[in-house]
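Me: I have a structure open and want to learn how to read its features. Can you take me through a few, step by step?

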Amino acid sequence: VLNVPSSAIQMAMARFVAEYTHQNVVQLWVTVARWAVNRILKFGLAALIVWFVAAIFLKSFLKAPTVESLWMVGVAAFVCLFVPVLSGVLQGSRRFGWLVASGFGAAATRLLSGVAIVLLGGAVTSAVGAVIAGVCVGLLLAYWPIRPVLKTVSSIADFSTTHITRYFWPVMLGQGALFLLLNADLILFPRFLSGENLSAYGTSAMLARMILFLPAPIVVA
């Protein structure tokens, strides 16, 4: 579910950063990046506090092993909110090598730390910690190439972001529609199938979706 707003945020960031980079107005995309991070930080922290309180009452409903495991899921979701902003900046500013390094670093860290946690007998709470560690490494790699610019270039005080929000909401609705089209069968098929048919459809559906990985690099380019 978080992939829908995440994808829309990255598209919007890449679109405007690319435009301002092309115009060679660094101060504009720095302003947009800081504005996006501040908005996400403010609303994300508010949502995280609500989730921390709600997790106490949702533990039995979600059949979670511990309340702490739900808290860790909330922290993981909160950290992930910043990924599309930095990824969009890297994509829009044509730092494609760093964009790949960020994604690869996050995945490698998640895999290695996850394996280590399993071998050491860690529980689900620790496993979610591996996800958080991977995201943090990815964020660090994404932040590193733009760090000098963000440190030296100031933001525009009276910059209006109305045109960005006007662009964002239709994109997010489009991403939501695409998400439903791609995943409606996976959401609904457990209600219509059972036994071997249920298992076979789940496997074939995931294999069929592998073709989506082929055009992904072209889409980014």
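Reply: Note that this is a predicted model. Start with R15: its relative accessibility is 34%, so R15 counts as partly exposed.

Me: Which residue forms a salt bridge with R15?

Reply: The partner of R15 is E19, and their closest N and O atoms are 2.3 Å apart. E19 is partly exposed too, at 29% relative accessible area. Both residues sit in helix α1 (residues 3–22). They are four residues apart, about one turn of the helix.

Me: How many salt bridges does the structure hold?

Reply: It holds two. In the other, D185 pairs with R209, with the closest N and O atoms 2.6 Å apart. This pair links distant parts of the chain, 24 residues apart. D185 belongs to helix α8 (residues 162–192), R209 to helix α9 (residues 195–209).

Me: Is R209 buried or exposed?

Reply: Buried means under 20% relative accessible area. R209 has 17%, so R209 is buried. D185 has 24%, so D185 is partly exposed.

Me: Now pockets. How is empty space found?

Reply: A probe the size of a water molecule is rolled over the atoms, and this shows where empty space is left. Here, the second largest pocket holds about 340 Å³ of space.

Me: Which residues lie nearest the centre of the second largest pocket?

Reply: They are V83, S102, G103, A106 and R110, out of 14 lining residues. Helices α4 (83–92), α5 (96–119) and α6 (124–143) each give two or more residues to this lining. α5 gives the most, six.

Me: What classes make up the lining of the second largest pocket?

Reply: Eight residues are nonpolar, five polar and one charged.

Definitions and conventions:
Residues numbered from 1 in each chain as written. Predicted model: local features only at pLDDT ≥ 70, side-chain atom pairs only at ≥ 80, totals over all residues. Heavy atoms only, no water. 1 Å grid on protein atoms, 1.4 Å probe; cavity = no way out; pocket = protein on both sides within 12 Å on 5 of 7 lines; lining within 4 Å. Points joined across faces, edges and corners; volume = space filled by probe spheres on them. Nonpolar A, V, L, I, M, F, W, Y, C, P; charged D, E, K, R; others polar. Salt bridge = Lys/Arg side-chain N within 4 Å of Asp/Glu carboxyl O. Buried < 20%, exposed > 50% of the residue type's maximum accessible area, 1.4 Å probe, protein only.
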